Each structure stands twice: as structure tokens, then as C-alpha cells.
Amino acid sequence: MKSYVFQRLVYMVFLLWLVSIVTFVIIELPPGDYLSTYISRLEQAGQDLSDEEVDRLRAQYGLDLPTTLRYFRWFGQVLRGEFGFSFDWQQPVRDIIGERLALTFTIAILSAVFTFAVAIPIGIYSATHQYSLVDYIVSFVGFIGLAIPNFMLALIMLYIAWKSYGLNLTGLFSPEYLDAPWNLAKIGDLMLHLPIPIIVVGTAGTAGMIRVLRGTLLDELNKQYVITARSKGVGEVKLLFKYPVRVALNPIVSGLAWLFPALISSGTITAWVLGLPTAGPMMVRALITQDTFLSATLLMFVTILTVIGTTVSDILLVVVDPRIRMERTAN
Amino acid sequence: MLRRLASRRFSPVKQAVQYDESYYLASQWQLIWRKFRRHRLAMVSALVIIFLYSMAIFPEFYSVNDHHKRHVKYAKAPPNTIRFLDAEGNFHLQPFIYDMTQELDMDTLKRNYTDDTSRRYPLRFFVRGLPYKLLGLIETDIHLVGVDEPAVFFPFGSDELGRDLFSRTMHASRISLSIGFLGMVSSFCLGCLFGGISGYFGGSVDIVVQRVIEFLVSIPQIPLMMALAAAFPPEWSSVQVYFGFTIVLAVVNWPQLARAVRGKLLELREADFVMAARISNMGDMNIIVKHLLPSFASFLIVVLSLSVPGMILAETALSFLQIGIRPPAVSWGVLLQDAQNIRSLSQSPWLLIPGLFVIVTVLAFNFLGDGLRDAADPYKQ
């Protein structure tokens, strides 16, 4: 068990290194380098740079070095916590991303909790009450949930709240708390604004999870061990939760690995529509304005945290399922 | 869910009794077709998909107006009501519309439209109108519906610039639906290549490919696609952006397909019927063509049909964020850009209609995939 966890952690470090390569490729990908973007910006603003100035900047950013050397240079900077400069915000990237990343992950984690809290009871209910009215409704709503793009769901909810209650639910804070320092009242205000993004982000995952749970549980309910337990007189509720539900939860635990990237993905678009101050809209804007360091750093952090989430879910799976524990820790 | 629903309703045990001789003589594909036909929801979905793709192939035929033309008199016009009863209460068999007249509310600066009931404009079918080239080849000017001048027919209303949303939706379907399809084909090629290599060579090659796949799957898709799509040079034409986007879809989506391909290959290689064929001295080529390919093909069709909706959703989302397809090219996501804020949405909710097309398409592909999955293994009871 310990050796497996260790092995998995070493592998995670390797993955994180791969993340850095992908990020670097993305920084290098746009045509022209960021310096030429910067210079053209300065020229638009009416400033002229002398040739020596340009050369100095080129040397400062290492643009005169070959690509591999540039990578190691950049990688060294990242390890020291320097992610470059955001031309758009006129601030170091490091200073502007912290709070946004924290909010992004708060929403992702809360959405995951929402997904579990809703999907597991409903999935179990609709499997044990197959073909009941509730089952049909849940299946129908689930399919719709899978098919509606997240941003449309957000738009529709905004529209309904606006039309019927006159509420504008965009943003994460009421205007008076926007620049206020963190205190209890601000957290309370945040709690009022969080449900909509959480519901919107969580819906697609919830629908998928209900579908998977219902399917597996229905398979399990027909198995012989259930009949055996029943014939021995085990009570229905105890029987249900002690054996088949535990087995059926397995694909959900292993699904955690993809749930996390999916939540981040859907969170990006939802946040754009709802005007949330998370990493998503910031990244969209950085991409549109070609603020490469900012966008690449955001992508890097989002991926790093996803890789950590995946590793945790893998370890969790081994803890939960004895069969996998035997298989994985054996080799 | 549907699989179970179907299998209970049309209990296979009963049917097995009814099978006549043709069942035992039928080829695998005939059996697949039989089973698929029984899945009603999937059949309906197949028809819906055929209809949607006919829109993508002949958008000019379906559209009512020129989709680029700005009707200044009809900016942000609501959808026309299609009527059978006129203002005097008389019934007309042929549906008709009334022309709309615009009034500007000087207090709110909102445009109000009222029906001008003085003249009826019947909807004419297969009407001659704007000339276009069918498939870019055959010159014609026949459209599905149209009304007489001077009225303009807006089945889905119009946008801020007075462009007909219905015709724009029809034209948008061309990009939205084909990009899903092309993206699927290209990620299928990559997926088969790497999945095949991985499954065929095994050993360390397999491990490396699997690790790369695991890594790529763990990058959040939408941010990755955004970053890749945003790297397109701004001077690219719509066509270049379109194909660039297809490549982005392929790059981001092949890992899932490769994983599925490899898994299935490994499973099939060890299957009993392959072993049986090998024992009866069948050549490798024969085994591949006669046994492996058919079971593999049906499996692939299922995987592919289930991968299309994800691509369509991704295109819509990215274009909506102004990172995907660029105007003047239109896709459903581009059209939805107009509905981005609550203000324009509360004034003209019909701008969300292109989103309905996305939902219907995604649902149809999901149901079709479900039906195909059941049908793909016709021997499973």
C-alpha cells in the first residue's frame, strides 16, 4: 500500500514536469514572440523603442537563445515562482492569479460535492424504483442536463431569475463587497451567490453520474449474492447499502479522475457567462488579448491542480476497493 | 437507461421464439439492422440527424432570406406569428403572416413591433427567390418557404443588425455539424493510429503511449482547446480557422478514442472466436478481414457516434467565447454570442433559439449512440 502511494506520487511529479512542457509549447505557439506583441503595444501607445532597448529586452527575456535553452530558463523561473509579466494587467502574473485560482477551485470542489450529494441518492432511488414515475423524470432530466451546453443553462437561469424575480445574479459578490477585505459578511454574501454557478457547473456531471450509478446498481441488484443475502433474511435496507451500493459506487470513485477536469472545463465557460472572478474569464481575456504568460500560467495551474486531484482519486480508489488494492499493490 | 428500457419492453426471450428461418440465415449486419430498428428512440434520432445534416448540406434551400443581409427596418424583430385566423376572425387554409411595423419607444429606446393587419402574406412553399448554387454546382433559386415582397418573413426573429436569425441558423448548421463530423474523423485517425500501435506492439511502447494518453486526458479540455485555438494567427481566413479548429478537436480528443481502440483490440485478440479461427488454420489476413473487422467496425461506429456531440458542444462553447469560429463565418456558437448578456437576452429571448439546435443535435446523437450500442452486439440477449 505504502509503496503504491509512493509510486503514484513519483509518477505525479513526472506528470507535473510534462505539464510544464505543454505550457511552454503553448507560450511559444502564437506566431511572433511576446516581445513583438509588447513592442507593437508600446508603439500603439505612442512610445518608440530604440534598437538597443529592443536588444536589451530580447536578452532579458532570453529570446536570443535556442528553444531548449529557453525552456530550461523559463522552467527555472517557474520553480522560483516567477511566471512572467502580464502585459494586459501591467503586473507580474504571480500577483494577480492567486485569488482567482482559489475561487476556481472552491467552485470546482463545491460542485463535486453537489454532484455527489445529488447523484448518489437519486441514482440509488431510481435503480431500486425502476420504471417508476420518478425514474422516468430523473432519466429525462438527466438527458437534458447532458445535452444543454453549460453556458446556455447559465443564460436560461439568469433569464428566469431576471424575468420572474428581477434579480441580477451575475458575479460572486454584491457590489458593496466587491473591493471589501475578507470578513464574515463578505463570506456570507459569497454564499448567497455561489449556488447558481455550483448548480450550473455540477449539472452535466450529475446527469452522467446518475446514469452510471443507476446502470451499475441495476446490474448488481440482479446478481446472486443479493438473492443469497435476501434468502438468508437480511433486511432490504441493510442489504442494499451493505453490498450492491458499495460495489456500484466504484465506477464513481474512479470517475473522480475525469470529473475534476470536466468541472474545471465547464466552470470556465459558466464563469464567463455569469461574470465570476475566477480563472476562466481571466484566461479567455488573456487569450483574446494574446497575454501569453498569463494564459499559459493559468492553464498550467489548472492542469497541475487537476493532476493532483487525479492522483488523489487514484489513491482513494485503492483505499476503497479491496480488489484493486490487491491487484495494484501486488506489482 | 434506454438499453434496459428497450430490452424489457421488447423482451428478447419472447422474440427468440417468434424468429423464423430468416433470423438464422441473416448476416451479422442484417441482425444489427433488425435490432436497431426495434429501438424506436434511436430510429427517431437517426431521422432527426438526417434532417439536421440536410440543413447543413442545403442551407440555402431552407433559408428564407439572405443570411448576411441587414434589414434595417426590422432590427431585433421578434419571430413572426404564423397564423391561420386573420384579424377579422376568418379562417384561411394556407398559413400566413402579417408584416411588422417598428415603433421606437422614446423612453426606453426599445423597439416595439406591431402587426400590420391590412394585408395578409401567405406562406408560399417551394417559392422562387434569391438565386444560389446547390452544393456549389447547380444553379437554382427555389426555397422551401417564402412570402411576397415587401414583407420580410422572420421565423426566428432577427438580431441586432436586422439579419434573419432563421437563415443564419440554417447556414450555421453547416459549420457546426460538419466540424463535429470532421473532428470525429480526424481524431478517429489519430486514435486508431496510436491505439493500434499501442495494442499491436504491447510492452514498453504500450506503456509509453498509455502514459501519454493518461496525461492528455488529465488536462482540462476546454482551457486546452482555448489555448490552442487562440494561437491561430489573426490573419487566417475563415476556412483556415475552420480546419485549424478541426485539428485542435482531433488533438484534444484522440486520447479517449485511442484508449477505446486499444482496449477493444486487446479484448478481441484473445476472444474465443479468433482462437477458433486460428485453430481451424485460417490465415491472419482472413481472420482480420472476416472476424476482427466486422466486430471492430460495429464497436467503432458506436464510439464515434457518441464522440460527435462532445465536439459539437466544444465548438459551440469556444465560438461563444469568441475564440473559435470567427464572423462573418457563422456557427451556432457564433450566433449565441449575441445572447451573451442579460440585457439583450431579456429584450430578445429568441436569440437563444440556435442553442435549441445544439441541444436537439446532442440529444439525437446520444440516443442514436445508445441504440447503436445495443444493436452492435446482436447476439447479446
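What follows is a set of questions and answers on a predicted model.

Q: How do you know which parts of chain B the predictor is confident about?
A: Confidence is expressed as pLDDT, which runs from 0 to 100, and chain B averages 80, with 93% of the residues at 70 or higher. Within chain B, the highest mean belongs to α5(B), at 90, and the lowest to helix α1 (residues 2-9), at 39. Over residues 1-16 of chain B the pLDDT stays under 50, and for this stretch the model has 16 contacts beyond four places in sequence. The scores for the model are ipTM 0.78 and pTM 0.81.

Q: What makes A:Phe114 a buried residue rather than an exposed one?
A: A residue is called buried when 20 or more other C-beta atoms lie within 10 Å of its own. A:Phe114 has 20 C-beta neighbours inside 10 Å and therefore counts as buried. A:Phe114 lies in helix α5 (residues 93-128) of chain A and, leaving aside residues up to four places away in sequence, touches A:Ile198, A:Ile199 and A:Gly202. A:Phe293, which is 179 residues from A:Phe114 along the chain, has its C-alpha atom 33 Å from that of A:Phe114.

Q: What share of the residues counts as buried in chain A, and what share in chain B?
A: Buried residues are 34% of the 331 residues in chain A, while in chain B 37% of the 381 residues count as buried. Chain A is built with 16 helices and two strands, and its C-alpha atoms fill a box of roughly 90 × 60 × 35 Å along the principal axes. Chain B has 15 helices and five strands, and its C-alpha trace spans about 85 × 55 × 40 Å along its principal axes. Of the contacts between residues at least 6 apart in sequence, 73% in chain A join residues at least 24 apart, and the corresponding share in chain B is 70%.

Q: Why are α5(B) and α7(B) called roughly perpendicular?
A: Helix α5 (residues 40-57) of chain B packs against α7(B) at an angle of about 110 degrees, with the axes 7 Å apart. Angles of 65 to 115 degrees count as roughly perpendicular, and α5(B) is therefore roughly perpendicular to α7(B). The crossing of these two helices is left-handed. On the α5(B) side the contact is made by B:Leu52, B:Tyr53, B:Met55 and B:Ala56, and on the α7(B) side by B:Met170, B:Ser173, B:Arg174, B:Leu177 and B:Ser178. By class, these residues are six nonpolar, two polar and one charged.

Q: What makes α4(B) and α15(B) oblique to each other?
A: The axes of helix α4 (residues 28-38) of chain B and α15(B) come within 8 Å and cross at roughly 140 degrees. An angle has to be over 145 degrees to count as roughly antiparallel, and roughly perpendicular covers 65 to 115 degrees, so α4(B) and α15(B) are oblique to each other. Their crossing is right-handed. B:Ile32, B:Lys35 and B:Phe36 of α4(B) make the contact with B:Gly371, B:Leu372, B:Asp374, B:Ala375 and B:Ala376 of α15(B), and the residues divide into five nonpolar, one polar and two charged.

Q: Which residues of α7(B) and α15(B) meet, and at what angle do the axes cross?
A: The axes of helix α7 (residues 165-201) of chain B and α15(B) come within 10 Å and cross at roughly 40 degrees, in a right-handed crossing. From α7(B), B:Leu165, B:Thr169, B:Ala172, B:Ser173 and B:Leu177 meet B:Ile353, B:Pro354, B:Phe357 and B:Thr361 of α15(B). This contact has six nonpolar, three polar and no charged residues.

Q: How many residues does each chain bring to the contact between the chains, and into which classes does the side of chain B divide?
A: Chain A brings 43 residues to the contact and chain B brings 35. On the side of chain B that touches chain A, two or more residues come from each of α8 (203-217), α9 (221-229), α12 (284-320), α14 (342-347) and α15 (353-376). That side of chain B divides into 27 nonpolar residues, seven polar and one charged.

Definitions and conventions. Residues numbered from 1 in each chain as written. Chains lettered and ligands numbered in written order. Predicted model: local features only at pLDDT ≥ 70, side-chain atom pairs only at ≥ 80, totals over all residues. Contact = placed C-beta atoms within 7 Å. Helix = DSSP H or I, 4+ residues; strand = E, 2+ residues; numbered from the N terminus. Nonpolar A, V, L, I, M, F, W, Y, C, P; charged D, E, K, R; others polar. Axes fitted to C-alpha atoms, helices over the stretch in contact; angles between N-to-C directions. Left-handed = near helix turned anticlockwise from the far one by under 90°. Parallel < 35°, antiparallel > 145°, perpendicular 65-115°, else oblique. Buried ≥ 20, exposed ≤ 12 C-beta atoms within 10 Å, placed from the backbone.
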